[in-house]
Each structure stands twice: as structure tokens, then as C-alpha cells.
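These are my notebook entries on one structure. I set down what I looked up, entry by entry, with the criteria used.

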Amino acid sequence: MSLLNAAELKQLLDQCKDVELQDKEGADDYAYLEETIFPTLLPALVKLLERLEDMGLKDGHSNNQVEKFNSIRWLAEYMVRYHPDGGVFKHDSAYADHLKSLAAMRKEQRTERELLVKEKERMEEEEKLRQELERTEEEEKAKQEREEQRKIEAEKKREEENEKGENAVLAQAGPEYGSVVLKLRGTMMRLLSDHDFISAESTAAIESKLCKEACQFLAVNSHASFTAVGELLDQDNLFYHTAADKKEFVADDDDEEEEELDGMPPAKKVPDPEITVRDLPAKEEDVAYILKRGNGLTFETVVDEGQYKFIGDTKYTEGVYFFEEKRPGTYIAVPLLRAGVIAGVICGDTLDSIAGAELVETEHVLFHAVSVVLSEALDKAVWSLMDAKRTVHLARLTKLASDPGTMPETIAREIVEAVDVVFPGHLVSVGVVDTVRDMRLVFSSARNGSRERNKTVTPDSKEEQVFLMFDAKQQCKTTYTMDTELTRKLAVAVPLIKGENRVSAVLYVGADPKTGSISEDVEDLTHQMAAIVSPILLPPEENALRVMRILALSGVGNSAALYEMAAQLCIRYTGATEVMVAMAHGVGSIRVVRVSKGGDEADGPPAPFKEELAKLDTKPACAEAMESLKCVTKGGWIAVPLVAQTGARADCVGVMGVQCAAVDQVQERTLEGVAVALTSAMQVSEMRRKMAMCGEMALESLLKRAPTMPAAYLAYLDVSGRQVCARVLGEDIPGVEVGKVIEDTEAVQTAAIKREGDEAVFGLIGVPASAVKDLEIAMHEESPWDTIKDVAATMGEVSKVLSGEGLMVDNASEATKEREELLSTHFNAARFDLVTAATVSEVDLKYIDAVRTQKPYPVVIKIVQAIMYILGHQERDVSEWPKCKKLVTHHLFKEMRMIDVRKPLKVHKLKLARACIEDLAPHDIALEVGPKPLAIWKWVGMILDVQGV
């Protein structure tokens, strides 16, 4: 009986009908078989059985012929011969037709499923991006609102202070002097507003101007012939530094009398007094005007009691101290306040008065009013300098915070420096929350000027600042240390809060012992800095992702720094005694790329580590983690797999082993975050390594095709958008060094490496800017700049290939070895694909028919002959056109595409092709026969260039 009769065929079809055609989740493997394998395999099995029946296999009994028959070989040959892609897959049976329809349905289901997955991923990405944009917009809006509110409050405060100042002047000066003193105040306020505090190191220059203005005003508006301003150097020394002298004039009685007018004696003309404002000798000089306690009467009354001192007759008043000879006259002194504390004196006398004018006691009102104005102006000068410094440092912090390359240590140092410069003497600490229990003081200052870095503290610490910082973390709000009377703030701690009331960092500022309290300005600055630096001081897993990305994008393909940073992050976040980073290496083995001990955190580059192989059976936690793709705790080790996503496929490429005590859920989540960050950074680093290897061929091609180009380089962009050189070829380019940032971008010209239709930049091809300027290029010839752009476009195609390969870390894998060997050929292959596609697009089959059927120009004949030599045809069939044109068919493009430029072609054939086109120039071809032959000529030139002939 037949092995496949009608009944059996009907039974088979009935079984196929029972198969669930709607693919279910988890049935991808079976669906793949139904779509691609079964339509060929099952009919082949039927044919195999029929073949065996023809050979004599009956009822399970075989003969010698059947026993010698190799059924596996026959089946394999049949499947190759009747493969669907071969175009001869024809089965007339109903069973085969059903299998084909089932395969088509499976393909449709798979395509639909893939589209749904892609659409879901796209929507998730869009939603994530939308949420990120909304969050950024909300943060920016809140920041702008805070800044606007701060400006409104600052303006309101200025208006209140101005009104307060004017009222204080009027209250002190009274109606007699009020208007003139207000004019003095206006003059001083203008001096302050015109002064450049941004570039000033101190207030010395503006204070000198203000004091001179006060001295001159008193010399003009009082009877004093000498006015001065002094400051207390300490409690026992008063230093007079600024003075004004008034030189008066009197009428001379010996002058001729003028004629009387209308019986009245003529008025004598007396010139206005001359006012000279000067700086008195510096306090370091021997002749400095320094009044010591115990000399004179100023200390007891003015400095100690804060009252004015008036002396009606200096010559005969006991206790008056004279810097020069003793002379008669009058004297007034009033206290000068700074920040509400007596800090100096304003005085005036008439010892040098020529006109005999004397001060009267009521003029102390004028001196007091001027003292009020000068005190306000001097305090405002100090505040303005502080505000200018604050503006400068906040701008610097904002710039650092907006720079994606800023590390937490850098921003912490800038915070400490900002407070130290704006408000000297304060104690500052920047702490980041590493674990639930630990906080790391990234950068701290002490009142003695010393600095501390990366000090780990716990809530058990007895330090007052540590207690306050943990209190702010616990309460998720700003906390204070108050004095015993609860009237003054001695310290402030401001938390940086991320979503769900999670504190990522805390800023602490302790009061200056001189002031003894935290001022509103200090607290305001602390809050402003906290708002600015929040994008840098992140929770552990976010910080790991950011730091690893910065490192990856600052490198050119070496992952050693990534391994070390990942190990140090694990130590930091878990307190591990040892961390191992290893890559997959064949079956049952790993390649250990880094081992770091706890406490090894240090500045500078990591110490070199020699890679070593290890058996997975000696590290059970790592083996289980790599198999399960989950975090595993076993034998005192926590193992976290390194999982790389390539499309929908997840591959375990390595493992991190952390030896430490038991960890909580937050620490475990942090370790997983570090693993994700390391894997992501490795993908960037590995991509750059492979791009750099392909880039060597690209640069060689560039310099070969553009002989006038002295040098070229391949660079990547770091996280801040700066160029980092990866490869250089040719002469030295100033400022261009492998592994270093290229600072002088004006001296180079670059073309971006992009994929078609994608704005992402994978790198840059750069050359000296002088090499592409003012060059004379003949028509239709490729300019050096065209060559650079073409090389960059080709590298963009290379990036597509490399991205699809994923991570290549398993050095024991044959696939990895094969891909590594192919790296040096990717550029030539991509260039071949691009030029071939451009040629096929330019040259149509109609033109190929015309070449074959009509008598072409000699130029075209030479170009076609060159192609035939490249395709491997014999010289006897190519050298004569009547024979050669028979080789020109509609399959020409297909033959051109089938060339494998990764492998060497026959050299003698390539030399014959070179001889055909050696005397042809692009502009001659274009003018004589047009663009189509020119496109084919370029293709020939590309093949010869790629093959090195």
C-alpha cells in the first residue's frame, strides 16, 4: 500500500485544521517554525517516505538498498533544492498548500506582533519624553516664578530701605539741614549704582569715594576748616584715613577803595573757599593719623558712649590731643556706624581757619546726619559687593548645573567656594545620600580654611552639623540649629528633594562666629544654590547612570575607567569589601576585568588591572545571576547580571559580584541601577571602539582620495558637546591629540557622521581648516570637502552595521572573533554599497540596452571593459568590443552588487581595469558622454581604490 494514501492525507489535513492559528504569548518559537521551516520540511518528509517506498520499504521492513540510503543527506539536499527563496518551491498537494497558507498567516501574525511591540515602545518613549518635558517645564516655570518673586521682594526691600534711609536722614538732620543732606545721600547712591562691583575685589575704592564725598560736603556746609573720617582698627586705635581742607579767603584792607555808588560803600569781593579732598597717610606709615586710646577725648565720649563731642576752645581744654602743634579752635566729632555697630568717627575742626569762623555746638546735627548717610552708603557698598559676588557665583553654578558633564564633586566644590567668598567665615558642607543610613560629605569647609572630601557619616555621629543634616533628610524640610533663647539661627540645613519625598542631598551652612547667626542673605543663598544644583546631586541609581554616561562619552572606546567607576559606586552605596566586574567568556567561564577593594576610592586614574579568567562553578552567585538574569545573593556575595538589550533580545554579557553584608531593598535597587548604567556605558564605549577601528580605514581612504589634505582625524562628542579625538592620521594637527579634548575648534573643519534621516551625531571627521580653503577644483572633480563629507556619510552607514552587532565582549565566542576580523572591512563594504546604489540609481536598464545595441563612444567602451574585467571575465572576451558587448546584459547591476569587496579580487584583472580608464578624466567624461558613464566610471574607481590598485 502507498505510504500516503487519500485517507492518510485527509487525516493530516484534519490535524492541521486543529492547530490554533491565533498565536499566543510565549509561542514565538513554534510560530517561527510554522512560518519558515514547516512549509519546506513537512512536504520534504512526505517525499522522503515516498522515496523510501519506491526503494522497497514495505510495512517497516527494509532491504539492503534502503539500509545504504542516507536519508538525512537526501532530506538536506531536498530542502536546499526546494527552498522557498529559490523560486522552485512547488507542491501541488493540498497539504503543501495548507502549509503555505499557514506560514503566510504566521508571518502576518509575527509582523503584526512586531508592529504592536514597536508601537508600544514608541508610545512608552513618547510618554516618557512627554513626562520629562512636563517635569522640566514645571521645574523651569517654578524656577522662573521663584526668581521673579525674589526680584519683586528685592525691589520692595530696596524701596523700603530707601524710604527708611530718607526718613532717618530727615529725622536726624531736621528742617535746617534735611534738604541738603538728602542731596548728599542722592549723590552717594548714584556713586554706588555706577560702581562696577562685579569686577571689584573689595569695597576699598568705593568707600574712599564715599568718605571723600562726606568730608567735602561737611567742609562746604559747616564752619569746619578741616573734616576727617576715621575707622577703628581695634578697640584701642582710631585711624583717620580721609580728610578735606577748606582754604578761606578774606578781603585785603590795603586794596584801593572803589568809588561810592549812590552814597553806599562798595562791597568787597571775597573768593569762594577752596576745598581740597585727600587721603591721609596710610596706617603703615610713621606719620599716620592714628589716635590711641588714652590720648584725647574722642574715645571716651564718641567711641565708648556713642555720643557727639563738642569742644569750644581746643587750646585751653584739658586732655585735647593734637597731631601737630597746639592751636586754638573748635572741634566736633560724632560716631560712624557700620552694620549698626560703632566702627569709626566723623570729625571737624577750625584749627586752620583763616576767616576766624568757628563751629557751634548745634552743628553736631549736621555731622550726625552725614554720619547716618555715610553709614548707610558704606553698608550698602558691602552688601552690593556681596550681591555682585553672589550673582557671579550663582551664574557659575547655573552654568555648571546646565553642563551635562559636571560631576557632583565639581558642583559641591563650587557651592563651598561660593559661600566662602560671599560670606567668609561660615562652615559649609555638601552631603549626598548614598544609602538609607549613610551620607557622604562630598565637599566640606572648616572655619580654619581647610577642606574635606568624601567623608562618610552616619546618624550616630555626635557632630552637630551631621545631626542637623540627617534631621533635614528625615523631615524632608529645611531645619535649623537655634541658640538657647531660640532667637537666632546658628545653622541651616536645606534638603534637595526628588519625587516622593526622597532626599538626594543636603546643603549645610553654619554661622560665622563673628556674627553668631545665619542672616537672611545666607539662608536665601543656600536655598537658591539648592534649587540650582538639584539636577547634579541625584539619588544613587540616577547618579550612577549620569556619571557612567559622562565617563563613556568622554572616552574613545576604552572601558577600563567604566569598570573602575562601577566598582567604586558599588563600594560607595553598599560598603562592600570587594567588587568584581566580569564579562561572559564562552561556556562556564567569565573574564574578570576589574577587582576593587573597599576603601580604594581615590583621585586620579584607576590603577591598571590585568584581566584573568575564572570558572563560574567557583562563583555560584554569579553563575545563577547570569542564568536567571536576576540579582542573586549567595555565599556572602551579591551578583547582579549585566544585561544588554539588542532590539527585543536581552543578552547577559557579564556580571558584577559584590562582597558585602546583607543589603536592603534600596541598596539592591541601587546595585541594579549601577549594573544598568555600566551596561549602557559599555554599549557607548564598545560602539566607539569599533567606530575608531573602522575610522582608521576611513581616514586612510580620505587622505588617499584627497592628496592635498595633510592630515585628518576622527573625533567623538563628549556629554558637553566638545570634540574628543579618537584617531589621527597624517601630519600633526596643533591641538589635536588622541584622547584629549580639541579646544581650538576654529582651526579645524569637520563633517558630522550621521545616518540618513537621523539627526543623531555618531562622530566627526575633521581636517585642518586651512586645507579646505581657497582650493581650485576642476568641474566634475571631487573637491577635498566633498571627499570629507562622503567619508562621513560612509561612516554613518558603518554605524548602522555596528549598532546591530550589539556588545562584543565574549572573546571566546566565534561570532565575536568573526565580527572583530570584519571591523577593518566595514568601511570599504559600506562605501561599496553606497556607491553601487548611487550608480544603479543614476544608470537605468534603458541605457544598458543602448550600450549593447548601439555603437557607443570609445570612452564608454573603455569604462564598460573595465567593469567586465572587475567582474572576472577573460581578457579574450573583453578586449574586443564585439565580444565584450555580449557580456552586457540586464543582469549587470546584479553582478555588480554580488562583488564581495571584503575579499581581494584578482589583481591582474584589476590592473587591466585600471589600464582601461587610466587616461580618462571626470570632466572629459561628463562633457563628452554625460552623467551616466561618469557614474559608472566613479564606481570603477571606487572598486580599484578599495582593492588598493
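**Entry 1**

Buried here means under 20% relative accessible area, exposed means over 50%, and partly exposed is in between (1.4 Å probe, protein chains only). Helices (H or I, at least four residues) and strands (E, at least two) are DSSP runs, numbered from the N terminus.

I note that the model is predicted: local features need pLDDT of at least 70 and side-chain atom pairs count only at pLDDT 80 or more, while totals for chains, interfaces and linings use all residues. Residues are numbered from 1 along each chain as its sequence is written, and side-chain values use heavy atoms, with hydrogens and water left out.

Next I looked up the partners of β9, where two strands pair if DSSP finds at least two bridges between them. Strand β8 (residues 427-433) pairs with β9 in the antiparallel sense over 5 bridges, and the two form a hairpin with 5 residues between them. On the other pairing, β9 and strand β10 (residues 451-457) run antiparallel and are joined by 6 bridges. I followed Ser444 through both pairings: Ser444 in β9 is the bridge partner of Ser429, and Ser444 also stands opposite Glu452 in β10. The hairpin of β9 and β10 has 5 residues between the strands, and Gly449 there takes a positive phi near 90°.

Which residue of strand β10 did I list here? Asn454 is found in that strand and has a positive phi of about 50° although it is not a glycine. Its relative accessible area is 26%, so Asn454 is partly exposed. I also recorded Ala339, whose phi is near 55°. Ala339 is found in the loop between β6 (331-338) and β7 (341-349) and is exposed, with a relative accessible area of 63%.

**Entry 1: salt bridges**

I searched the whole structure for salt bridges (a side-chain nitrogen of Lys or Arg within 4 Å of a carboxyl oxygen of Asp or Glu). The search finds 42.

Arg390 and Asp387 meet in one of them, at 3.0 Å from N to O. Both lie in helix α8 (residues 364-402), 3 residues apart, about one turn of the helix. Arg390 is buried at 4% relative accessible area.

Glu611 and Arg591 form a salt bridge with their closest N and O atoms 3.1 Å apart. Glu611 lies in the loop between β15 (589-597) and β16 (612-615) and Arg591 in strand β15, so the pair ties together parts that are 20 residues apart in sequence. Is Arg591 buried or exposed? Arg591 is buried, at 9%, whereas Glu611 is partly exposed, at 43%.

For Glu820 and Arg689 the closest N and O atoms are 2.8 Å apart. This pair links distant parts of the chain, with Glu820 in helix α17 (residues 814-822) and Arg689 in helix α15 (residues 665-705), 131 residues apart. I list Glu820 as partly exposed, at 27% relative accessibility.
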